Amino acid sequence: MSEHAHEGAGPPEGEHPTPEAAADDAAAPGGQPAGASEGVEPGEAVADGSGDELALARMEAEERTLDLQRVQAEYANYRRRVERDRELVRENATYAALTPIVEVLDTIDRAREHEPLEGGFKSVAEQLERTVAGLGLVKFGAPGDAFDPTLHEALSHLGTDPEVAVTTCKVVAKAGYKIGERVVRAAQVLVVDPEG
């Protein structure tokens with residue numbers, strides 16, 4: 001064979017390739033080193049999805065926080081309702097228990113109008129008045145009060161009075177009683193009107 005037959009067919013038999021030739025043979029098509037990933041620059045890390053997992057975890061934490069806030073708000077509302085209902089039950093029970101006692105208090109007032117209370121009757125009357133006052137029963141209605149139809153029941157008109165500017169309670173026949181803002185019994189009064 002001629003010398004030209006071996007050109008381009010690699011080194012002759014028995015000869016070893018030079019290091020430069022070995023490096024050229026190891027190069028992949030396009031000049032990339034063998035084994036290099038297509039489209040990835042050398043030294044560039046491949047994304048592993050950890051950023052997506054972190055965003056998902058944050059979203060779930062926000063949802064749990066909102067759920068917790070909703071539960072706390074519902075519980076606070078529930079507690080307020082329970083307290084309001086409990087107070088209403090207590091007030092209704094007090095109202096039902098004290099309403100009949102108002103008549104006893106009227107009897108004590110009439111007895112006082114005749115003569116001062118004395119002895120054991122005085123002690124019992126004062127103790128009863130202290131007890132009902134401690135339970136929230138408040139007495140109201142006095143001569144000179146401006147007439148208020150939500151608090152007073154007008155039994156009669158006594159005419160006009162030049163000293164008053166509005167319809168006024170002149171005589172209190174029976175005192176009124178209330179618990180908080182709730183009227184147990186309106187004061188029974190005789191009223192006078194202003195002149196003119």
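Two strands are taken to pair if DSSP finds at least two bridges between them. On that basis, an open sheet of three strands can be traced in the order β1-β4-β5, with antiparallel pairing. The edge strands of this sheet are β1 (137-140) and β5, each pairing on one side only. From one strand to the next, the twist averages 35°. The model described here is predicted.

The chain contains four helices and six strands. Read from the N terminus, the elements follow the order α-α-α-α-β-β-β-β-β-β. Of the 196 residues in the chain, 14% are buried. The accessible surface amounts to about 14,800 Å². Carbon and sulfur atoms account for 55% of that surface. Contacts were also examined by separation along the sequence. Among those between residues at least 6 apart, 65% join residues at least 24 apart.

Strands β1 and β4 run antiparallel and are joined by four bridges. In this pairing, Phe140 stands opposite Gly176 of β4. On the other pairing, β4 (residues 176-179) meets β5 in the antiparallel sense over three bridges. Ile179 has Arg182 of β5 as its bridge partner. Helix α2 (residues 50-98) packs on this sheet and touches β1, β4 and β5. The direction of α2 makes about 15° with that of β5. Strands β4 and β5 also form a hairpin, with two residues between them. Gly180 lies in the turn and has a positive phi of about 65°.

Three strands form an open sheet in the order β2-β6-β3, and the pairing is mixed. Here the edge strands are β2 and β3, each of which pairs on one side only. The twist averages 25° from one strand to the next. Strands of a sheet pair through backbone hydrogen bonds, in either the parallel or the antiparallel sense. Both senses occur in this mixed sheet. Strand β2 (residues 152-161) pairs with β6 (residues 187-194) in the parallel sense, over seven bridges. Asp161 stands opposite Pro194 of β6. Strand β3 (residues 168-174) pairs with β6 in the antiparallel sense, over five bridges. Val171 stands opposite Leu190 of β6. Val172 stands opposite Val189 of β6.

The loop between β5 (182-185) and β6 holds Ala186. Leaving out residues up to four places away in sequence, Ala186 touches Phe140, Leu151, His152, Glu153, Ala175 and Gly176. The C-alpha atoms of Ala186 and Ala154 are 9.5 Å apart, and the two residues are separated by 32 residues in sequence.

Helix packing was examined for α3 and α4. The axes of helix α3 (residues 101-114) and helix α4 (residues 119-134) come within 11 Å and cross at roughly 135°. On the α3 side, the contact is made by Ile101, Val104, Leu105, Ile108, Ala111 and Arg112. On the α4 side, the residues are Phe121, Ala125, Glu126, Leu128, Glu129 and Val132.

Beyond its neighbours within four places in sequence, Ile101 is in contact with Leu128 and Val132. Both of these partners are among the α4 residues that make the helix contact. Ile101 and Leu128 are 27 residues apart along the chain, and their C-alpha atoms are separated by 9.2 Å. Is Ile101 buried, exposed or partly exposed? Buried means under 20% relative accessible area, and exposed means over 50%. With a relative accessible area of 24%, Ile101 is therefore partly exposed.

How values were computed:
Residues are numbered from 1 along each chain as its sequence is written. This is a predicted model: local features need pLDDT of at least 70, side-chain atom pairs count only at pLDDT 80 or more; totals for chains, interfaces and linings use all residues. Side-chain values use heavy atoms; hydrogens and water are left out. Buried means under 20% relative accessible area, exposed over 50%, partly exposed in between (1.4 Å probe, protein chains only). Contact means heavy atoms within 4.5 Å. Accessible areas come from the Shrake-Rupley method with a 1.4 Å probe; for residues, only the protein chains shown count as cover. Axes are lines fitted to C-alpha atoms, for helices over the stretch in contact, and angles run from 0 to 180 degrees between N-to-C directions.
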